Amino acid sequence: MPSEFALIDRYFAKATPQAVLGPGDDCALLAPSPGMELAITTDMLVSGTHFLPDTDPSQLGWKTLAVNLSDLAAMGAKPRWVLLAGSLPKADEAWIAAFADGLFACARRYGVDLVGGDTTRGPLNLCLTALGEVPAGKALRRDGAQVGDDLWVSGRPGLAALGLAHLQARTVLPEALAALCVGCLQRPLPRVELGLALREAGLAHSAIDVSDGVLADVGHIAERSRVDIEVCEAWLPCLPAGADPLLARDCQLAGGDDYELAFTASPEKRADLAAEAARLDLPLWRIGRVVAGNGAVRLVDDSGQPLPLKHKGFDHFGQDQNQ
């Protein structure tokens with residue numbers, strides 16, 4: 001059986017052209033670009049909590065990196081470097097090779113270097129730290145929403161949660177829709193290009209990535225910005241044909257694992273955002289508005305009256321976030 005260090009050298013020691021010094025020493029050495037601030041994030045993926053134990057390892061490798069890059073995207077940061085730590089039940093080289101293939105496919109797609117990490121024996125658990133750069137003082141943040149802003153979201157929130165429901169046999173989706181939804185769950189696309197465009201063109205006042213559900217994550221913007229946010233049911237994207245509409249709406253509003261961006265922007269930016277959506281070939285949906293308040297998020301009808309909610313999103317240390 002290969003040693004820990006042999007496994008690292010064989011599957012994870014790749015060239016790191018963006019680093020002064022990559023894997024192989026006690027620390028990596030990194031040189032941020034002049035005038036840049038570092039954006040740093042870390043996410044843990046635990047078997048049975050964040051992914052099903054039989055998830056394809058290549059897809060899991062991609063997702064382990066993608067969910068961290070989504071955090072950088074939400075701040076308009078350019079991804080640069082990542083560190084990977086993990087515990088593995090055993091040194092299964094076929095599994096590790098497939099995982100590394102998926103991880104480095106994502107790294108190549110978004111231009112990042114793996115510069116270090118750690119591995120040990122234990123329950124399957126993956127923890128990745130990502131570092132990016134953003135011009136000093138220019139990062140998109142959660143606390144910048146302004147009264148009168150539009151609320152936007154990218155992509156098709158809810159598909160990943162529908163995919164999970166299908167895999168867990170809580171629903172049965174038509175074959176083509178099942179493939180789409182499971183693909184969204186297992187191979188999310190972090191919206192790095194969108195985050196950079198929002199920041200570089202000054203299109204957004206605040207942003208967050210959607211990992212725990214649209215309502216839950218938009219609630220963080222409302223709380224940090226000390227405003228209320230109304231999500232208008234009639235403005236939400238159409239639900240996918242072939243899915244149970246009640247489940248699909250619940251997944252759209254409160255499902256996790258989307259890794260889309262939700263952001264607020266001045267109504268004056270609507271035409272610019274439409275042009276950006278066309279350039280990126282990425283749907284952008286205006287789904288709500290920012291109003292005066294102190295941190296609440298509501299689902300409302302056409303007349304602005306609150307609608308009942310079963311829950312808002314996922315919370316690891318409690319029940320789903322209720323209204």
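This is a predicted model: local features need pLDDT of at least 70, side-chain atom pairs count only at pLDDT 80 or more; totals for chains, interfaces and linings use all residues.

Analyst: Residues are numbered from 1 along each chain as its sequence is written, and side-chain values use heavy atoms, with hydrogens and water left out.

User: What makes E193 and R109 a salt bridge?

Analyst: The rule asks for a side-chain nitrogen of Lys or Arg within 4 Å of a carboxyl oxygen of Asp or Glu. E193 and R109 meet at 2.9 Å, N to O, so the pair qualifies. The structure holds 11 salt bridges.

User: How do you know that this pair links distant parts of the chain?

Analyst: E193 is in helix 6 (residues 192-200) and R109 in helix 3 (residues 93-110), 84 residues apart. Helices (H or I, at least four residues) and strands (E, at least two) are DSSP runs, numbered from the N terminus.

User: Why is E230 called buried?

Analyst: Buried means under 20% relative accessible area, exposed over 50%, and partly exposed in between (1.4 Å probe, protein chains only). E230 has 11%, so it is buried. Its salt-bridge partner is R289, at 2.9 Å, N to O. R289 has 24%, so it counts as partly exposed.

User: Which residues are linked with E230 in a network of salt bridges?

Analyst: The network joins D228, E230, R289 and R298.

User: Why is the pair of W62 and Y110 called edge-to-face?

Analyst: Rings of Phe, Tyr and Trp (its six-membered ring) pair if their centres lie within 6.5 Å; planes under 30 degrees apart count as stacked, over 60 as edge-to-face and the rest as tilted. By this rule the count comes to three aromatic pairs. W62 and Y110 are 6.4 Å centre to centre, with 65° between the planes, so the label is edge-to-face. W62 is buried at 5%, and Y110 is buried at 8%.

User: What makes W152 and F263 stacked?

Analyst: Their centres are 6.3 Å apart, with 5° between the planes. That angle is under 30 degrees, so the pair is stacked. W152 lies in strand 5 and F263 in strand 8, so the pair ties together parts 111 residues apart in sequence.

User: How do you know that the charged end of R109 sits over the ring of Y110?

Analyst: The test needs NZ of Lys or CZ of Arg within 6 Å of the ring centre and within 35 degrees of the ring normal. The charged end of R109 is 4.4 Å from the centre of the Y110 ring and is listed as sitting over it.
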